[in-house]
Amino acid sequence: MSERHETRAEDLRPASSQPLRFRVWTAVLRADPVVRGIQVVKRRERLLTVLQAGLGLAWMALFLLAPLVYILSLSFWQRGAGGTIVYEATVANYQEILLQNVDLLGWQIGNTYLLILWQSLKFGFLTTVATLALGYVPGYFLGRTESRYRSLLLLFVVLPFWVPLIIRYYAWILVLGNDGLITTVLGWVGVASNGYLYNDVAVVTGLVQVLLPFMILPIYNTVNKIDDEYIESAKTMGASPLRAFYEVTLPLSLPGISAGSILVFILAVGSFMAPALLGGPANMMVANLISQTFGQAFDWPLASAMAMVYLVVLFAIITVFNRFVGLEEVFDQ
Amino acid sequence: MSTRLSDDARWNAIRGATGLLYLFLLLPLFIVVLISFNPTQYAAFPPEGLSLTWYQKFFASERLLDALVSSFVVAAGSALVAGAVGLISAIGFVRRDFQYKSVLSSLLFLPMLISPVVIGVALTAFLTDVGMQKNYLFLILGHSTLVLPYVFVTVRAQLFGFDRSIEEAALTLGANELETFVEVTLPSIMPGLAAGMLLAFVISFGEFTATQFWVQPDTVTAPIEIYTMVRTSLTPEINAMATVLMIITVVIPLLLDVALGKNLILKSA
């Protein structure tokens, strides 16, 4: 027993302090062509790993991380006259967005940055709840149906994703706008209106329609994987269809629900186009505010600080979510 | 109450609700196509006639056609770049083991999660600071970053289901590694790669939010023109242009898909 311990301790010592027999054997093994071949293969494997996986990682480091680090440093500088940048470290930008009202192009927005950030989270939450409420039944249907048109039906859920986002939001202007479909149809039954655009409901409606496939598909995936026998045996043992659903199907589809919810929430919070096309000035979201500050007010440092606060909130949400469901699983759905 | 419903009735209710949802998903797009044939300046339900007026106006506009060409150049370039980078890194991530693999792979998904406004702003500030001009190369680099996750995820899914013994068979039969890759590996993961690249093309073609920070007057893309028209004049030319865009990003890929019988579009989901 004690002898084996000694040998182990010897193994851990650097080669030069090991007994001679070890050194001789190591040398013999290294000279052996098979062992050397294995080592060459291993070195080659390592090199290929670095080259292959490293290519995508290097791309992201160069075109995503480096730019983000760059605006992190930008956020601690300040805007000089005419959109120039004064390279003097300051936390003034963070003070401005976290403590004061926002003044853009002389137009005082009643809300501070934080209120707009809060509004984005609120829209994100409403969109998530609405997509879940509207998306569960179709996801369930697609998962359980035995129709031979199932792949065609699935295709119609995926296809809107291929339509440019700008067209999908613009389409709602034709539905909700002044001469839009709803105004016309309501006009036939004698209800006059000026359209239903430029408010909270229009923004969330657009977001819900655009993001629904992200909820339906993961739910479909999990429901589709549920073994029929689980549900049948629940029913055989006397559960009503509704009870069988609550006790078997619903819990087993939870991974799909959580994957869909986190994706919809994150994508909704970062939306630019829904408020830009369907909302009024009061329905701005954080992406719109960053865009205006950067592109119209030319205050790059302030816009960078706004982006940083948004990213901190985003990563906080992702981290919290990661504790319950791995992000990897979301993308495997 | 629900226990009194028969199974059939319950299932019909579910089917009905699903049908309504499809209406909600697809009706607005159908209306864009429908109104594009309406001859009048203002939208009308039902359309006051069928005419190609707005298509003629669209195809007569050099500015809008230029935008379409720009979109095509950028989308094709990004699909190729993201296709190559996505394919190689997916192979690295699926076939090799290394530390922090799952954390590192989420780095490749990041562009899907961060608001495109932030990516647009950050890349603009960074690349202009290192002295780069806003040209097609700028757009292709930016778009490739945005669409890389889609290629990565579809190729990765295809590689998970790949049987490596056919590679070993090829090697045993005397093919070298390059031959094995080109003649055995690549053909069998082609559906995933093609689906990912097609999706990359389509997303790049329609990308607006980050692109608005990256264009110059001579590289304006189709979605940028649509946004400008929506914000300024709301002319019916938008409907014609939108329909043409949908033909490029949906109808043509769909026809290709049916013709090749590969189900690429479903694979991209």
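Predicted model: local features only at pLDDT ≥ 70, side-chain atom pairs only at ≥ 80, totals over all residues.
Which residues of chain A does UniProt list for "domain: ABC transmembrane type-1"? I looked that up before anything else. The unreviewed entry gives residues 117–321 of chain A.

**Entry: the annotated stretch of chain A**
I checked what residues 117–321 of chain A are built from, and I got 77% helix and 0% strand.

**Entry: where chain A meets chain B**
Next I went to the interface. I found 91 residues of chain A in contact with 95 residues of chain B. The two chains bury about 8200 Å² between them, and 81% of that is on carbon and sulfur atoms. Which helix of chain A gives the most to the side that touches chain B? My answer is helix 3 (residues 33–74), with 21 residues. I then sorted that side of chain A by class and noted 72 nonpolar, twelve polar and seven charged residues.

I also went looking for polar links across the interface. Eleven residue pairs are in polar contact between chain A and chain B, counting pairs with both residues at pLDDT 80 or more. For salt bridges between chain A and chain B, my count is zero.

**Entry: aromatic pairs**
Over all chains, I noted 25 aromatic pairs. I picked out A:Trp172 and B:Phe24, which form a tilted pair with 5.5 Å from centre to centre and 55° between the planes. Why does this pair join two chains? A:Trp172 lies in helix 7 (residues 165–176) of chain A and B:Phe24 lies in helix 1 (residues 7–35) of chain B, so the pair reaches from one chain to the other.

**Entry: salt bridges**
The total over all chains is six salt bridges. One I looked up is between the side chains of A:Asp228 and A:Arg144, at 2.7 Å from N to O.

**Entry: transmembrane regions of chain B**
Where does UniProt put the "transmembrane region" annotation in chain B? The unreviewed entry covers residues 20–37, 67–94, 106–130, 136–155 and 238–260. I checked two of these spans in the model. Residues 67–94 of chain B are 100% helix and 0% strand, with end C-alpha atoms 39 Å apart. Residues 136–155 of chain B are also 100% helix and 0% strand, and their end C-alpha atoms are 26 Å apart.

Conventions. Residues numbered from 1 in each chain as written. Chains lettered and ligands numbered in written order. Heavy atoms only, no water. UniProt positions renumbered as here; feature names shortened; annotations may be inferred. Helix = DSSP H or I, 4+ residues; strand = E, 2+ residues; numbered from the N terminus. Contact = heavy atoms within 4.5 Å. Buried area = accessible area lost by both parts, 1.4 Å probe. Salt bridge = Lys/Arg side-chain N within 4 Å of Asp/Glu carboxyl O. Polar contact = N/O pair within 3.5 Å; in protein donor to acceptor, adjacent residues only side chain to side chain. Nonpolar A, V, L, I, M, F, W, Y, C, P; charged D, E, K, R; others polar. Phe/Tyr/Trp six-rings, centres within 6.5 Å; stacked < 30°, edge-to-face > 60°.
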